[in-house]
Amino acid sequence: MQSLRKTTTWIAPSAMRFARISSQIGEMGSGAGKGGGGGGAIREAGGAFGKMEAAHEEEYFFKKRQEQLHKLKEKLIGKVDFHEESIKHHEEAIARHKKAIEELNRSQQ
């Protein structure tokens with residue numbers, strides 16, 4: 001069991017975290033979790049306010065993930081643009097060097 005947990009955590013850590021969390025708390029917002037920690041007074045009380053609080057929390061983390069993904073995408077796009085520009089400069093340098101080699105070969109003949 002221990003080696004299986006390590007393997008699955010290594011393969012899909014985010015899925016394992018969610019599975020582990022959901023097994024500890026039962027239904028979201030239904031009261032204190034099985035893991036020993038409450039979720040604050042509102043979530044411990046359960047009921048509609050607890051469920052609403054859980055929904056707000058899920059929405060917050062969803063928006064955070066979306067924001068992080070957006071920033072990562074922008075960063076990767078910037079890196080791609082940089083490398084494409086570098087490729088363009090390198091291709092121009094290669095063309096200049098080939099032209100210089102051709103001129104040297106012509107002058108030797």
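Modeller: A residue is called buried when its relative accessible area is under 20%, exposed when it is over 50%, and partly exposed in between. E59, with a relative accessible area of 39%, is therefore partly exposed. Keep in mind that the model is a predicted one.

The part I have picked is helix α4, which runs over residues 47-108. As background, the protein has four helices and zero strands, and read along the sequence its pattern is α-α-α-α. Of the 109 residues in the protein, 8% are buried.

Start with the charged pairs. Side chains of opposite charge can pair when their charged atoms come close. A search of the whole structure gives three salt bridges, and the cut-off is a side-chain nitrogen of Lys or Arg within 4 Å of a carboxyl oxygen of Asp or Glu.

E59 bridges to K63, with 3.3 Å between the closest N and O atoms. The two residues are four apart in helix α4, so about one helical turn separates E59 from K63.

E67 and K71 also meet through their side chains, at 3.5 Å from N to O. Here too the residues are four apart in helix α4, which means that about one helical turn lies between E67 and K71. E67 has 38% relative accessibility and counts as partly exposed.

The bridge between E102 and R106 has its closest N and O atoms 3.9 Å apart; the value passes because the cut-off is 4 Å. E102 and R106 are again four residues apart in helix α4, so they are separated by about one helical turn.

Now the surface patches. Such a patch takes residues with over 30% relative accessible area and no salt bridge. E85 has a relative accessible area of 37%, so it clears that threshold while counting as partly exposed. E85 sits in helix α4 and belongs to a patch of negative charge on the surface, together with D81, E84, E91 and E92.

A nonpolar patch on the surface is made by L69, L72 and L76, whose accessible area together is about 280 Å². L69 lies in helix α4. At 51% relative accessibility L69 counts as exposed, because the limit for that class is over 50%.

That leaves the rings. With ring centres required to lie within 6.5 Å, the count is one aromatic pair. The pair is Y60 with F61, at 5.1 Å centre to centre and with 75° between the planes. An angle over 60 degrees counts as edge-to-face, so this pair gets that label.

To put the charges side by side, E59 is in a bridge with K63, E67 in one with K71 and E102 in one with R106, while E85 is listed in the negative patch.

Conventions. Residues numbered from 1 in each chain as written. Predicted model: local features only at pLDDT ≥ 70, side-chain atom pairs only at ≥ 80, totals over all residues. Heavy atoms only, no water. Patch = residues over 30% accessible without salt bridge, like charges linked within 9 Å, V, L, I, M, F, W, Y side chains within 5 Å. Areas by Shrake-Rupley, 256 points an atom, 1.4 Å probe, with all protein chains shown as cover. Lys, Arg positive; Asp, Glu negative; His and termini not counted. Charge placed at Lys NZ, Arg CZ, Asp CG, Glu CD. Buried < 20%, exposed > 50% of the residue type's maximum accessible area, 1.4 Å probe, protein only. Phe/Tyr/Trp six-rings, centres within 6.5 Å; stacked < 30°, edge-to-face > 60°.
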